[in-house]
Amino acid sequence: MKWFKKQFYKKKIAFIISIMLIMVLIFTGCSSTTQTKQAQDVNSSTKIDTYTIADPTGDWGYPTPYSHYQRGPGYVRMSFIFDTLVWKDEKGYIPALAKKWEYIEGENAYYFELNEKAKWHDGQKFTARDVAFTFDYTREHPYAWVDTTKIDRVEIIDDYKVKIYLREKYAPFLNNVAGTMPIIPEHIWKQVEKPEEFQGPEAVIGTGPFKLADYNKEQGTYLYEANRDYYLGSPRVEKLKFVKVSNEMAAAALERGEVNFAQIPPELKDEVANKGLSVIEAQSDWALKLLFNHQKEPFSAREFRQALAYAIDREQLVNTTRRGYALAGKPGLLPPDSEWYNPNVKKYDYNPEKAKELLSGLGYELKNGYFVKNGQELTLELLCSPDYERDGQFIKQQLEKVGIKVNLKSLEAKTLDSMVQDWKFDMALSGHGGLGGDAEILNKVIIGKGVTSTRYTESKILTGLLKEQVAFMNPDERKAKVEKIQELYAEEMPALTLYYPDRYYGYDGKIRLFNTKKGIGFGVPLPLNKWAFVRQ
């Protein structure tokens, strides 16, 4: 009898367990394929042998602080090798070379405790001397991404404690300096007199999670190998590859499993998701702008630039060239989802008659459908890269509709950047990210000297406000300044923000990618944060 009862209870328990397993399978089966695949892969700590990232441009320069191309993808490639004092994930600041930090208001200084486990890729110890050296070196050899003029001095307390004193109050220090400046090894760089020309194995010795194994400029490829001794944990990915794949071929390469990550056309996002792949939408902090050469006539006249703004229907531009997959640009530059956005700026709604009125006020007359002044027909040249030829054609048609003849010229993107930098243009289509980060991006892209900047300093009031706003440590006071900056920028119109494109990226879910809060480093809006490839 006892034996019978025991067997009965065993069968009863087995039956209950079977029912529970069936219920689990039923409920998990109701989940989408993409969600299930993500859960399996993301929660796994299994090492990934090779992770391949598709990029349409390919070459973004040699990945050292001074040799990478000075746009976001170039910075990202460098960031896999060189670490900063602090870093960011999807929620905000996280430790990197510094494990602790604090702001000492009375001294206007930041105190950092460094990670004693950190080592350079050649095995030498990382110390506070390297931090002090980096800031001294970049003061003598400026690094385009970080303004070190705000730094007064760096005090070494001991091997793993350092204090950075500021010359003045500087609100975005953590994001734009501590979270952006790549720390370089003193024992290597102290001998380097021309950092832009310094390349080779020693030039890419950092403290980061990956080491450069191969770089091919012609093919536009990068190969990184995991730094197994990384002080924050060995990366999940053994080999990280960047390969050149055109936008047209990227989605197909992703679906075939040839790459793990690729930017995909917005109209294909649902198709990609339905095939069991993951899709991430980037934040709207990248903008396409119409740049004006305000250093020469007729663009030096503010009214002329305003006339061009009224002559272009930005809403129709989005519907025509982006098939609705974008948000029409705001004249104050910052997008509506920015914490600094000011909606109360001059709108420049499409008004061709207003454009003609402003041009007439500048002495132009309409003759045979085109504006003429002093016997010369108003003819402008518009530069664009192949990716934005449709936008260029649309703008050409819009401006010619109001009486401005336009010659459209398509150039390779880096050639266009070079011509803009040298002021060898009338108008140009050019874009940049960083608009979802700290408000100092406005300083960088309005009065900065880089290729993404309008380099507009004609308005002393605007320039003054830009320099003042970074010194306000109180967020509300600072925001009031930033809102005024947007109003003045829209009035001055040194460039017209055309749109913020919808950007989607497809990936296989093996790594849980994310949008970095305020962007990677200074504000790069790419979901390729190195921390995603490290954390378990």
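Met493 sits in the loop between helix H16 (475-492) and strand S21 (495-501), where helices (H or I, at least four residues) and strands (E, at least two) are DSSP runs numbered from the N terminus. This is a predicted model, in which local features need pLDDT of at least 70 and side-chain atom pairs count only at pLDDT 80 or more, while totals for chains, interfaces and linings use all residues. Residues are numbered from 1 along each chain as its sequence is written, and side-chain values use heavy atoms, with hydrogens and water left out.

**Positive phi**

- Met493, a residue other than glycine, has a positive phi near 50°, and with a relative accessible area of 0% Met493 is buried (under 20% relative accessible area, with exposed over 50% and partly exposed in between; 1.4 Å probe, protein chains only).
- Arg455 is not a glycine either, yet its phi is positive at about 50°; Arg455 lies in the loop between helix H14 (441-446) and helix H15 (460-469) and counts as buried at 13% relative accessibility.

**Cis peptide**

- Glu297 and Pro298 are joined by a cis peptide bond with omega of about 0°, and Pro298 belongs to the loop between strand S13 (287-292) and helix H9 (302-311).

**Asn216**

- Asn216, which is part of strand S8 (residues 210-216), is partly exposed, with a relative accessible area of 22%.
- A polar atom of the Asn216 side chain lies 2.8 Å from the backbone nitrogen of Gln219.
- Between Asn216 and Phe82 the separation is 134 residues in sequence and 19 Å in space, C-alpha to C-alpha.

Conventions: Polar contact = N/O pair within 3.5 Å; in protein donor to acceptor, adjacent residues only side chain to side chain.
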